[in-house]
Amino acid sequence: MYACILPLAFSFMKQFISVNDVTNINSLVEKALSYKANPFIDKGLGANKRIGLLFLNPSLRTRLSTQVAASNLGMEAIVFNVDKEGWALEFEEGAIMSGTTVEHIKDAAPILGNYFDVLAIRTFPSLANKEDDYSEMYIKQFIKYAGVPVVSLESATLHPLQSLTDVITIQEDIKRGAESLRQNANSIQPSAFSSKPKIVLTWAPHVKPLPQCVANSFAQWVNAWGEADFVITHPEDYELSEQFTKGATITHNQDEALKNADYVYVKNWSTFNDYGKMYENDPRWMMTNDKLALTNHAKVMHCLPVRRNVELSDEILDGPNSLVTQQASNRVWAAQAVLATLLTSLRGGTK
Amino acid sequence: MYACILPLAFSFMKQFISVNDVTNINSLVEKALSYKANPFIDKGLGANKRIGLLFLNPSLRTRLSTQVAASNLGMEAIVFNVDKEGWALEFEEGAIMSGTTVEHIKDAAPILGNYFDVLAIRTFPSLANKEDDYSEMYIKQFIKYAGVPVVSLESATLHPLQSLTDVITIQEDIKRGAESLRQNANSIQPSAFSSKPKIVLTWAPHVKPLPQCVANSFAQWVNAWGEADFVITHPEDYELSEQFTKGATITHNQDEALKNADYVYVKNWSTFNDYGKMYENDPRWMMTNDKLALTNHAKVMHCLPVRRNVELSDEILDGPNSLVTQQASNRVWAAQAVLATLLTSLRGGTK
Amino acid sequence: MYACILPLAFSFMKQFISVNDVTNINSLVEKALSYKANPFIDKGLGANKRIGLLFLNPSLRTRLSTQVAASNLGMEAIVFNVDKEGWALEFEEGAIMSGTTVEHIKDAAPILGNYFDVLAIRTFPSLANKEDDYSEMYIKQFIKYAGVPVVSLESATLHPLQSLTDVITIQEDIKRGAESLRQNANSIQPSAFSSKPKIVLTWAPHVKPLPQCVANSFAQWVNAWGEADFVITHPEDYELSEQFTKGATITHNQDEALKNADYVYVKNWSTFNDYGKMYENDPRWMMTNDKLALTNHAKVMHCLPVRRNVELSDEILDGPNSLVTQQASNRVWAAQAVLATLLTSLRGGTK
């Protein structure tokens, strides 16, 4: 039934933690868009397969879109809110567990791996200990002991399902533009952009210190994708880790960055160097229509939830340039493409 | 498969927020009772359809009965406890979101509408701001932005799934009485009641101020149904909003009201005029067997949860006149009839 | 489809609260192991059947394994966290409910029994009132009013799904040993043990007072099973109730107990006589490799969650003698065998 899509999109995947787990971004995007066109085409792929969705932190879009994606594949998703329904997990090797942690990841993970065919986990950073967070200690220990493919639902430093969605949404928009051009001009242009699209990731103000995950991950994916002119702009002191941004142009001048931008990704993050702090929180960094005027009629993106009139103005979010609803809706197809690839890889006999 | 019931019960429905969304109450009741007789007759109707059940407040019966109803129709139900698993939503237009609300309904609702075919939401009143509550600001904004049919799981002023259940239960009981009469008398009477049944909604004491929803909604439905002699009784100061009660006889004399009653619906509510308060809480308003003696062997109803020996005495709840278990069980069939009508309407091509 | 296993394993079961509800332990174990070998063989058995999983206390393994077990049988499982999503239930007959309890079990249970074909409930002991706890007031009232088969997900004094799992795990290990012997010796020995295996239940230190459920229940099942030499060891003051331990040898000398043990079950519990207390909490009772040296290369068991290096040392849990992961994984097959037996009994026409 799903054999027909294998030649096109099959890439072996053993986990989905970062862009490094993806052999071909464009194939994965194409697969996601084929699911958007036909959600139930692979309904048999997940028969008698189960994914456990484990949340150590709250989630709306990630949880629901992954449940819907699994269900579209005929796969059962079971949600477990570890933070509310479970208990504190211990991650330290050799710990004498006489304190508040109730169960060691070494004991919990293999059992969950026995109950489920795939495990997905959300585990936010502490924003208190940079070394622990950036070593991805929690999700790495989980992977080490689970014994089944692990999907990140956002970890300490990355949010790959979001970033895949972001690339899907940009590609979809580019295709739509190209289609529109073809129809208007009767020409057969491969892209609406004469050259690569210019994508700008801009820092925005917020009311509390947030993880760097979405920004890190977006940078990592756009760089790996390689089909954009990529600029990151933020106030001084808000540098991101070079391991994710390398390849992008970085500037502290937002106006300069926005010039001729085709896509503007708006996101707050806390400081990386002096870890997890809020330094300057200048409201002039909020994205508005005035700033949009500097761009090439750019489309505006945000991962949501968004603080209206703090990060982004109502006029943009309610206007024609906003992609945020389309973007959040695409979370389903991103998750479905990833789960389908994992399921196909499982059938390949790797478990 | 389900075509056979369409000629009987099909009525287009675009949402289910109040009795005003129902074109024919008796058809809907009949549909519910047909599901009670044969729960899985429309198991194919909900194939590849999903309902999101969003709770901003706690729920037992409403949640479980709606999940069961959806499942009987082969429809997937996904529960999201916004109050526990999510975050505070902003409902004010133009808000500068620098406070405690994390996401605007304008951003959350359309995405949920993209993830689900039908959305159901529970959102209680504040009991602090009468204008906001009675404008149904929350659920109306939700409807405005969701883009898919919305079902109320109890809103600020109404609880239509409960009221449909109540009418179902009364009709079922009337039919049972008629059936019993037929069998006993070999006569072919159309109803056990020589005239319309007398239905009394009576206020009862409680330990804290409760919404007016169940009482408002019951009044609205019984009035719209129109096949009863309908009396409402409560202490002075506990008047309900006229928009729901108009058509009913209202009295502050409970004994007078109960005379010859065939059905007594017991429910507490807080004050409407001086909004959300507890004035008098006279224990003599508790429904007891002594009061039942004033009625025409009335059946007693309550939406549950009930404070035993505060609102209603043990002797009634444990006695032969109580309909409360049957009533709560009928919640499944009410929800199933509503969901089936919405699904059939969706197939009619309105999405 | 499932008829083939009926001749082997069918035993009528009207509920699953303790070992007393089981007519043949070995048949049930065999059924569980047949599901382990072929999880989906009875996928049609639960069609259009639903189990409600009600948690008045937290759960990880019990919840997930029961969900998976139900799903393997094609049965829908709906989880309701009464402690978090619901409200406080009243269990006292005749209570005037003017306090904090919102709904009486007499009203809640029959409705849940109408929504579901089977109900499962977790309700921990108070550890404050021995008489209430040991009368199993909560689960008994639930059974009394539910009107459908009830499964204990751990009650005030027992944890039968855990104990069934424990017996399954021991039998599986014995068979594996026998198999290994057969292969090594070309002999046809019926068991790896020349006589009955020696099973030791040993108390272990902990950081807070825990229920006696797991220990009580393990003792009850091993005694009922009758195919072991069963020893219980604990410090003075930690006697368990005789109603569960009768038949076992009891000693306060752990070293003596461990001699020649084939299976060591490690578990903490609080005091039974002076109810719910922690008396001595001697760290020397922790199970370590030094103690393991006293045994007959015993396999070590624990129900999890385990406090590492308080109850059991890392060296044991991470070593070759630990059965804990296998044991926890077997929870699925125990639950599946119980649910299948209940479903088959339901079909027998008892509902």
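1. The contact between chain A and chain B takes 31 residues from chain A and 29 residues from chain B, where contact means heavy atoms within 4.5 Å. The model is predicted, so that local features need pLDDT of at least 70 and side-chain atom pairs count only at pLDDT 80 or more, while totals for chains, interfaces and linings use all residues. Residues are numbered from 1 along each chain as its sequence is written, chains are lettered from A in the order in which they are written, and side-chain values use heavy atoms, with hydrogens and water left out.

2. Chain A and chain B bury about 2600 Å² between them, 56% of it on carbon and sulfur atoms; buried area is the accessible area (1.4 Å probe) that two parts lose on being put together, summed over both. In chain A, the residues that lose the most area to chain B are Leu60(A), Arg307(A) and Arg308(A), together 23% of what that side buries.

3. Four salt bridges are counted between chain A and chain B, each being a side-chain nitrogen of Lys or Arg within 4 Å of a carboxyl oxygen of Asp or Glu. In one of them, the side chains of Arg61(A) and Glu103(B) meet at 2.7 Å, N to O. On the side of chain A that touches chain B, two or more residues come from each of helix 3 (61-72), helix 13 (314-317), helix 14 (324-329) and helix 15 (331-350) of chain A; helices are DSSP runs (H or I, at least four residues) and strands likewise (E, at least two), numbered from the N terminus. Helix 3 of chain A gives the largest share, eight residues.

4. For chain B and chain C, 31 residues of chain B are in contact with 29 residues of chain C. The two chains bury about 2600 Å² between them, 56% of it on carbon and sulfur atoms. Leu60(B), Arg307(B) and Arg308(B) supply 22% of the area that chain B buries against chain C, more than any other three residues.

5. The count between chain B and chain C is also given as four salt bridges. Asp318(B) forms a salt bridge with Lys106(C), with the closest N and O atoms 2.7 Å apart.

6. Chain C holds an open sheet of five strands in the order 9-8-7-10-11, with parallel pairing; two strands pair if DSSP finds at least two bridges between them. Its edge strands are strand 9 (249-251) and strand 11 (299-301), each pairing on one side only. Strand 10 (residues 263-267) of chain C pairs with strand 11 over three bridges, and Tyr263(C) has Lys299(C) as its bridge partner in strand 11.
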